[in-house]
Amino acid sequence: MKYANFAFEDKDLLLGGGLENGLPTGDDDKGIGSDEVSEVEPFLDFGWKGNRTELVGFISFGLPINGGDEEVDWELGW
């Protein structure tokens with residue numbers, strides 16, 4: 001899910017945010033990732049557009065919602 005706010009559109013600035021859901025895609029038996037860990041990752045984003053330049057940025061915070069028997073770390077992305 002994503003939300004965009006166009007309140008600062010006249011200044012060529014776009015603010016937004018949302019919620020991302022990460023599903024398990026690994027295989028514990030093969031030692032590739034995990035087949036049990038899911039996460040919820042809220043994020044904020046922004047975009048700025050000049051004449052010939054665009055700048056886009058994201059910041060996110062990953063929260064594991066189940067970890068099975070493993071110790072799962074939180075993650076911060078930017």
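Student: Which strand does S60 lie in?
Tutor: S60 lies in strand β4, which covers residues 54-66. Keep in mind that this is a predicted model.

Student: Is S60 buried or exposed?
Tutor: S60 counts as buried, because its relative accessibility is 12% and buried means under 20%.

Student: What joins the side chains of S60 and E41?
Tutor: A polar contact joins them, at 2.8 Å.

Student: Which residues is S60 in contact with, leaving aside neighbours within four places in sequence?
Tutor: There are E41, P42 and F43, and also E75, L76 and G77. Residues 75-77 make up strand β5.

Student: How does β5 do on mean pLDDT among the elements?
Tutor: Strand β5 has the lowest mean, at 74. The highest belongs to β2, with 91.

Student: Why care about a low pLDDT?
Tutor: Where pLDDT is low, the predicted coordinates should not be read in detail.

Student: And what is the mean pLDDT of the protein?
Tutor: The mean is 82. Of the residues, 87% reach 70 or more.

Student: Let's zoom out. How many helices and strands are there?
Tutor: Zero helices and five strands. Along the sequence the pattern reads β-β-β-β-β.

Student: What share of the residues is buried?
Tutor: Buried residues make up 19% of the 78 in the protein. S60 counts as buried too.

Student: What about the accessible surface? How much of it belongs to carbon and sulfur atoms?
Tutor: The accessible surface comes to about 6,300 Å². Carbon and sulfur atoms hold 56% of that.

Student: Which residues form the nonpolar patch on the surface?
Tutor: F8, L15, F46, W48 and L55 form it. Together they have about 440 Å² of accessible area.

Student: Where is W48 placed?
Tutor: W48 sits in strand β3, residues 38-49.

Student: New topic: N21. Which strand is that in?
Tutor: N21 is in strand β2, which spans residues 13-22. Leaving aside neighbours within four places in sequence, N21 is in contact with E39 and V40.

Student: How far apart are the C-alpha atoms of N21 and P64?
Tutor: They are separated by 9.9 Å. Along the chain, N21 and P64 are 43 residues apart.

Student: Back to the whole protein. Of contacts between residues at least 6 apart in sequence, what share joins residues at least 24 apart?
Tutor: The share is 32%.

Notes:
Residues numbered from 1 in each chain as written. Predicted model: local features only at pLDDT ≥ 70, side-chain atom pairs only at ≥ 80, totals over all residues. Heavy atoms only, no water. Patch = residues over 30% accessible without salt bridge, like charges linked within 9 Å, V, L, I, M, F, W, Y side chains within 5 Å. Areas by Shrake-Rupley, 256 points an atom, 1.4 Å probe, with all protein chains shown as cover. Salt bridge = Lys/Arg side-chain N within 4 Å of Asp/Glu carboxyl O. Helix = DSSP H or I, 4+ residues; strand = E, 2+ residues; numbered from the N terminus. Contact = heavy atoms within 4.5 Å. Buried < 20%, exposed > 50% of the residue type's maximum accessible area, 1.4 Å probe, protein only. Polar contact = N/O pair within 3.5 Å; in protein donor to acceptor, adjacent residues only side chain to side chain. pLDDT = per-residue confidence, 0-100.
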